[in-house]
2 protein chains.
Amino acid sequence: MKITIGEIARQASVSKGTVSRVINGKSTVAETTRKNVLAVMKRLGYEPDPVARELSMRTKHTLGIWVGAGENRLSPYFNLIWRALLREMQVRATQVVELPEDISHVRTRFDVVLVFNSDGVDGRLELLRERGVPAVLIGHHPGISCVAPDDMGGGRLAAHSLLSLGHRNLLHLTVACEVQWAQDRADGFTSVLAGSSLPGIQAATVKGEASVLGGYRLMRDAWLQGHRPTGVFCATDEIAVGALGALADLGVQVPGQVSVLGFDGLVELHPGLASVAQNIPAIAHQAVSLALAAIGKDTVRQTIVPVALIEGTTLGPAPKVS
Amino acid sequence: MKITIGEIARQASVSKGTVSRVINGKSTVAETTRKNVLAVMKRLGYEPDPVARELSMRTKHTLGIWVGAGENRLSPYFNLIWRALLREMQVRATQVVELPEDISHVRTRFDVVLVFNSDGVDGRLELLRERGVPAVLIGHHPGISCVAPDDMGGGRLAAHSLLSLGHRNLLHLTVACEVQWAQDRADGFTSVLAGSSLPGIQAATVKGEASVLGGYRLMRDAWLQGHRPTGVFCATDEIAVGALGALADLGVQVPGQVSVLGFDGLVELHPGLASVAQNIPAIAHQAVSLALAAIGKDTVRQTIVPVALIEGTTLGPAPKVS
DNA sequence: TCTGGGGATGAAACCGGTTACAAAGAAGTC
DNA sequence: GACTTCTTTGTAACCGGTTTCATCCCCAGA
């Protein structure tokens, strides 16, 4: 037999209302009754039924997560975000359900949805609007609440770091597919180079697959084709790890001859990797905050989470002129 | 203003009860009233509130998923299972919530939990039992409902395939950490070798990391240490992919000189890879079936899902004696 | 002493459904 | 024609909480 609020009320000789007030602490309750009710609750091991609570409070305490088909769920980055979200939700006593690709027939048991930016985002946002469910996007998108890392600032940070270490011959390894974040990182990077008054800056960009293997190939092929950068900026840490592998195979010293700088800050991927680190816990925190704040209201807020440089051991001063 | 069942009842000039009966189809309703009510529902775009329904039906239509910290969420295998589960849940109109590591303070908004087998499983199962929530495990465990692939049978299948292709000098690449599935695959494999009456069978086992890179190292090192198998059985496809890479780098022909057989059937990982394939959709289906069947009852059922051989292009007859 | 204000509490409505039960007709049986 | 039985439907209780409103009580101030 399940213990209900009524049972608590009876045993504590108070009304359901009082017990409810004790639970929620919204209204004042005499200290002695409060103690008493709490004691009874503890004695009986009472836990309020979340479903009943949802019904009367008209909020489901549930956040849906919608992951696009294009999103690479296998990437360490996605994984970290996902787990950070889980932790965040736990702190907020909110549960998270993952929505299937096609939500047109899903009953809305969530009060807000977090969307991972990817192709076809517009269609799904439209669908949500129809159903009156607010959405928060992880990534950039006009006209909707989003939270994203400072990709462009990160690109600039990378350029500044490399330049200040004396590097003048730079290579940017990035992904071939057209995604906003890659574009922003590249834009930030090249804008600094273009705006710099330092003499003798050379820079090239090559594009490939966003994986360790992809990074390996990019670096190896670029080197074999005669590129001789002293500083390599990789659009993701996975690419950077691959690049490091290629340089090792080519017998190139890191950071003696070449410095390698990644993006994302996934230190566990390769200890010592220098990287423009995203603040993943902060992104998760912001995303959930925005989402919870959006329930019921109709506000649009965009948040950019700052990035920071992890120096690591793959980044060093440019070698003296050869 | 939200459309409720009462509103439908009013507009259709019937009682709430009748509308409910139309929705659930449990009890008989005159055909003409049914049509009428459905028409009103459609006209107003009515959707029953899932929370209210959960409250009165005492079932949450929600399945919790609990992933151990030890589980490798980055593995393609995990990813496939996860997505298969999502699809399966969608079909059954059930939602899935992922539970955080520590559920001791999570309010139970689910009627059953699916647990991914991993270290410390006993403790968490105990926790669930206390809360009266049934659990179904993906993997093997005594005394609880589980569903798992036929690891041992798969090991046997691998051995039989290689033997029947004439291979006598075999190498098994597997993971160093002690997990049940790896043990079972190895046991199945070696039991066939041990039980075979064929002459001249040699077999070795080496253990390493369960990743592409791990497989690469295992294969390369084994070869450099003088192992000269003609058939290699890898405990996972990722190891197999790594092994293929190493063999390519060593200049060994596949399948001319060496055949490579993986396990899991992740064809997208490496087209043409021969593998003992798990039936992942079937596992997901069974897991969800068992889980839904376990709600309210207290039955224990264990299901083993058969595996099948994918021949691929990395498996061939043993070379003529050198 | 009378009055007013504020804190503590209980009663009851409400959230949006499901379902046991009863009642009203319709149809079938003897 | 009276009695059964079956189908269809309405009524009201219920699921387990929250919340509004009214009431009661106590104490300060005039």
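The largest cavity of this predicted model is lined by Arg73(A), Phe78(A), Asn79(A) and Trp82(A) together with Arg73(B), Phe78(B), Asn79(B), Trp82(B) and Glu98(B). Here a cavity is a set of points, on a 1 Å grid over the protein atoms alone, where a 1.4 Å probe fits but cannot get out, and lining residues have an atom within 4 Å of a point. Helix H5 (76-91) of chain A and helix H5 (76-91) of chain B are the elements that give two or more residues to this lining. About 120 Å³ of space lies in the largest cavity, a volume being the space filled by probe spheres set on the grid points.

The second largest cavity has a volume of about 70 Å³. Among the residues that line this cavity are Glu54(A), Arg109(A), Glu54(B) and Arg109(B).

Turning to the interface, 32 residues of chain A are in contact (heavy atoms within 4.5 Å) with 32 residues of chain B. Between the two chains there are 2 salt bridges, each defined by a side-chain nitrogen of Lys or Arg within 4 Å of a carboxyl oxygen of Asp or Glu. In one salt bridge, the side chains of Glu54(A) and Arg109(B) meet at 3.1 Å, N to O.

For reading these values, residues are numbered from 1 along each chain as its sequence is written, and chains are lettered from A in the order in which they are written. Local features need pLDDT of at least 70, side-chain atom pairs count only at pLDDT 80 or more, totals for chains, interfaces and linings use all residues, and side-chain values use heavy atoms, with hydrogens and water left out.

Notes: On a 1 Å grid over the protein atoms alone, a cavity is a set of points where a 1.4 Å probe fits but cannot get out, and a pocket is an open set with protein on both sides within 12 Å along at least five of seven lines; lining residues have an atom within 4 Å of a point. Helices (H or I, at least four residues) and strands (E, at least two) are DSSP runs, numbered from the N terminus.
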